[in-house]
Amino acid sequence: MNFQIDMNGFVALYIFMLAAFAGWVIIRGVPAILHTPLMSGSNFVHGIVVVGALFALLNASTATEQAIGFIAVLLGAGNAAGGYAVTDRMLAMFRLSGNEPKRRGKPRHVRSSHAGASASKKG
Amino acid sequence: MLAMMLQLTIGAVDLAVAFLFMFGLWRMSSPVTAPSGMNFAGCGMVAAVFGSFLYVFTIGAAAKPHLAVNVLLAVAALSLGGGVAWWSGRKVALTAMPQLVALLNGMGGGAAGAIAAVELFGNKAQGGAQLIVAVLGALIGAVSLSGSLIAWAKLDGILKKPLRVRGQQLLNAVILLATVAVGGYFIFVASNDLEPLMTEPHLIELFFGCALILGILTTLPIGGADMPVVIAIYNAFTGLAVGLEGFVLQIPALMIAGMVVGASGLLLTLLMAKAMNRSIRNVLFSNFGAVTQRKERSINGSLKPVEAADAGIFMRYATSVIVVPGYGLAVAQGQQKLYEFVKLLQAAGVGVRFAIHPVAGRMPGQMDVLLAEAGVPYDLIFQLEDINDDFAATDVVLVIGANDVVNPAAHTDKSSPIFGMPILNADKAKKIYVIKRGEGKGYAGIENELFYADNCSMVYGDAQAVLVKMIEAVRALGTAVAA
C-alpha cells in the first residue's frame with residue numbers, strides 16, 4: 001500500500017481553492033466586534049509556518065541552511081506563541097452585562113431592550 | 001513498515017491540525033464561543049509542533065550527520081522565539097496591540113521567506129512548478145516582512161510622518177519589475193541548468209534584497225489612519241506566502257491554514273476599504289492628505305467650548321446617551337475612566353450605549369477591544385449599521401477623540417474627500433458633546449461642520465483628564481443631593 005499523496009499539479013490547486021472559499025465563508029461570520037481578536041487569531045493560525053520552518057531546519061545540511069532555518073523557526077515560533085497569547089488575552093475580556101463581577105441589581109434597561117436584537121444581527 | 005507508520009502518523013497529525021484550525025476559527029463567530037475556539041486552534045498548533053519532530057526519521061542522507069545539531073537548534077529557536085513572543089504578548093498594553101499584531105505578522109512573513117531561502121540556497125525545490133511557487137512565496141513573504149516592520153515602526157511612533165518622494169509610484173514599479181525579473185531569471189537559469197551571469201547564491205540574495213526594499217518603499221508613504229487596511233493586507237500576504245511554501249514543502253496543513261488566512265485578510269481589507277469609502281488602490285497609491293487642498297466651504301456657526309463639569313452634569317440628567325469613541329481615546333488611555341463615568345450615568349438611570357465606526361482606531365475592531373478591557377459588556381457596544389438609526393431619538397452623543405467618522409460632510413458635501421463614506425449620524429442627536437484635544441482638524445485635514453452646529457459643544461482637553469472632571473462633577477452632585 002502506498003500512502004504518499006502526490007500533491008503536484010491540480011490537487012494542490014483544489015486544496016488552495018477550497019481553503020480560500022472555506023476561509024472566506026468562516027471569516028465572514030465573525031462579528032465586527034471581534035475583528036481585532038480575529039486579526040491576531042488569524043495571525044496565530046499562519047504561525048503554522050513554524051512546522052515548515054522545522055522541516056527546513058531539520059533537513060539542513062550546510063551552515064547557511066542551518067542559520068536561515070534557525071531564523072525561520074525563531075520567527076515562526078514567535079508568530080505562533082505571540083499570536084496565541086494576545087488573542088487569548090483579548091478574548092477573555094469580552095463579557096455580557098449579566099456576568100459583571102462586582103455590580104448587581106443596577107438598572108440595565110439598555111441591555112434588556114437591545115441585547116437580543118444585537119445578538120441576532122451580529123451572529 | 002516503520003516508514004509507512006511514520007508517514008501515516010505525520011499525515012494524521014496534519015489532518016487533525018487542519019481540522020482544529022478551521023473549527024477554532026469557525027467558533028470565533030461569537031464572543032461566547034471564541035475563547036474555546038482559540039483553545040482548539042492552540043491544541044492544533046502544539047500537536048503540529050510536536051508532530052514536526054517526527055521529520056527527524058525521514059530526513060535525507062545529506063542532513064543525517066547534522067541531525068543532533070539541527071534538533072538542538074530547533075529546540076533553542078522554539079523556546080527562544082516562543083518564549084519572548086509569549087511574554088510580550090501577555091505584557092503588552094492593549095493600546096499597543098496594532099503594532100504587536102503588525103510585528104507578529106512580519107515574523108510570519110519572514111519565516112515563510114526564510115523557508116523559501118533554505119529551499120533555494122539548498123537547491124531543494126524539485127521541478128519548475130515548485131521553483132516558481134517557492135520564488136513567489138519568497139517574494140510575498142519578504143514584502144510582508146519588511147512592510148510589516150515599517151507598519152510596526154509607524155504605529156509605534158518610531159516613524160512619525162509618512163515619507164513621500166516625487167515619482168514614488170514609478171520607483172516602486174521599477175523595483176517590483178526588477179524583483180520579478182531577478183526571480184524569473186533565477187527560475188529560468190535553475191530549471192535549465194544554464195550558467196548564470198552571477199553565482200546562484202548572489203542571485204538569490206539580490207532577489208531577496210529587492211523584495212525587502214519593495215516592502216519598505218510601498219509602506220513608507222501610507223499614513224496612520226490607513227493602517228487598518230495595511231495591517232489587513234499584510235496579514236493576507238503572510239497567509240498567502242505560508243500557503244505557497246506549504247505547497248513547496250508538500251505539507252497540506254500549511255497550505256490550508258495559509259489560504260484561510262489569506263482569504264480572511266482579503267475580506268478584512270475589503271471591509272476596511274469600504275468603511276473608508278476608498279478603493280484599495282487609492283489607499284496604497286495615493287496621498288490622502290495631498291488631495292484635500294481645495295477651497296474651504298464657509299461654515300456657519302461657531303465653536304462653543306464648555307466646561308467638562310457642565311457637560312457631565314447635563315448627561316447625568318439625560319435619558320439616553322450614545323458614546324462615540326475614537327483613536328483619541330486610545331491615545332489618552334481614557335477607556336477605564338470612560339467606563340467609570342458611564343457606570344455613574346447608568347447608576348443614575350441613564351441608558352448608555354457605545355457606537356463603533358468600523359475604522360475607528362488603528363486596526364479593525366481596536367475600539368471594541370479597548371472597551372472590553374475597561375470592562376464594558378459587549379451587549380452595550382454597537383456597530384455602525386446596528387445603531388445609526390437610533391441617534392435621532394437620543395438625548396446626548398458624547399464624541400471622544402473621533403472626528404472624520406462623525407463628519408456630516410460625508411452626507412452633504414459632494415466636494416469633500418470623505419463624501420460617501422459611511423458615518424455615525426451623531427449630528428441627528430438632540431445634543432452633542434465633543435471631547436477633543438484642540439481646535440485642529442481630523443486626519444483627513446477637513447473641517448467638521450458638526451462641531452459648529454448649534455446643538456454641539458466642545459470640551460477641550462486630554463480625554464482622560466476631561467473624563468476625570470466629569471466623574472468628579474457627577475459624584476459631587478450625588479453627595480450634594482444626599483446632603
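Ser264(B) is buried, with a relative accessible area of 0%, where buried means under 20% relative accessible area, exposed means over 50%, and partly exposed lies in between (1.4 Å probe, protein chains only). This residue is found in helix 9 (residues 252-275) of chain B, helices (H or I, at least four residues) and strands (E, at least two) being DSSP runs that are numbered from the N terminus. Not counting residues up to four places away in sequence, Ser264(B) touches Ile27(A), Ser42(A) and Asn235(B), and contact here means heavy atoms within 4.5 Å.

This is a predicted model, in which local features need pLDDT of at least 70 and side-chain atom pairs count only at pLDDT 80 or more, while totals for chains, interfaces and linings use all residues; side-chain values use heavy atoms, with hydrogens and water left out. Residues are numbered from 1 along each chain as its sequence is written, and chains are lettered from A and ligands numbered from 1 in the order in which they are written.

**Chain A as a whole**

- Chain A has 5 helices and 0 strands, and from the N terminus on its elements run α-α-α-α-α.
- Of the 123 residues of chain A, 56% count as buried, and the accessible surface of the chain comes to about 5200 Å², with 65% of it belonging to carbon and sulfur atoms; accessible areas come from the Shrake-Rupley method with a 1.4 Å probe, and for residues only the protein chains shown count as cover.
- Among contacts in chain A between residues at least 6 apart in sequence, 60% join residues at least 24 apart.

**Chain B as a whole**

- Chain B has 17 helices and 6 strands, and its C-alpha atoms fill a box of roughly 85 × 50 × 35 Å, taken along the principal axes.
- Buried residues make up 55% of the 483 residues in chain B, which exposes about 19500 Å², with carbon and sulfur atoms supplying 66% of that area.
- When contacts in chain B between residues at least 6 apart in sequence are considered, 78% of them join residues at least 24 apart.

**Where the two chains meet**

- Between them, chain A and chain B bury about 9600 Å², 76% of it on carbon and sulfur atoms, where buried area is the accessible area (1.4 Å probe) that two parts lose on being put together, summed over both.
- In chain A, the residues that lose the most area to chain B are Phe16(A), Met39(A) and Leu58(A), which together account for 8% of what that side buries.
- In terms of contacts, 91 residues of chain A touch 123 residues of chain B.
- The rule finds 1 salt bridge across the interface of chain A and chain B, a salt bridge being a side-chain nitrogen of Lys or Arg within 4 Å of a carboxyl oxygen of Asp or Glu.
- The side chains of Arg90(B) and Asp88(A) meet in a salt bridge (3.2 Å, N to O).
- Between chain A and chain B, 21 residue pairs are in polar contact (both at pLDDT 80 or more); a polar contact is a pair of N or O atoms within 3.5 Å, and within protein one must be able to donate a hydrogen and the other to accept it, while residues adjacent in sequence count only if both atoms are side-chain atoms.
- The elements giving two or more residues to the side of chain A that touches chain B are helix 1, helix 2 (35-45), helix 3 (49-58), helix 4 and helix 5 (109-122) of chain A, and the largest share, 25 residues, comes from helix 4 of chain A.

**Two buried residues in helices**

- Asn79(A) lies in helix 4 (residues 63-91) of chain A and is buried, with a relative accessible area of 0%.
- Leaving aside neighbours within four places in sequence, Asn79(A) is in contact with residues of both chains, including His46(A) and Leu104(B), and its side chain makes a polar contact with the side chain of His46(A) (2.9 Å).
- Leu100(B) lies in helix 4 (residues 97-121) of chain B and counts as buried at 11% relative accessibility.
- Not counting residues up to four places away in sequence, Leu100(B) touches Val86(A), Gly89(B) and Val92(B).
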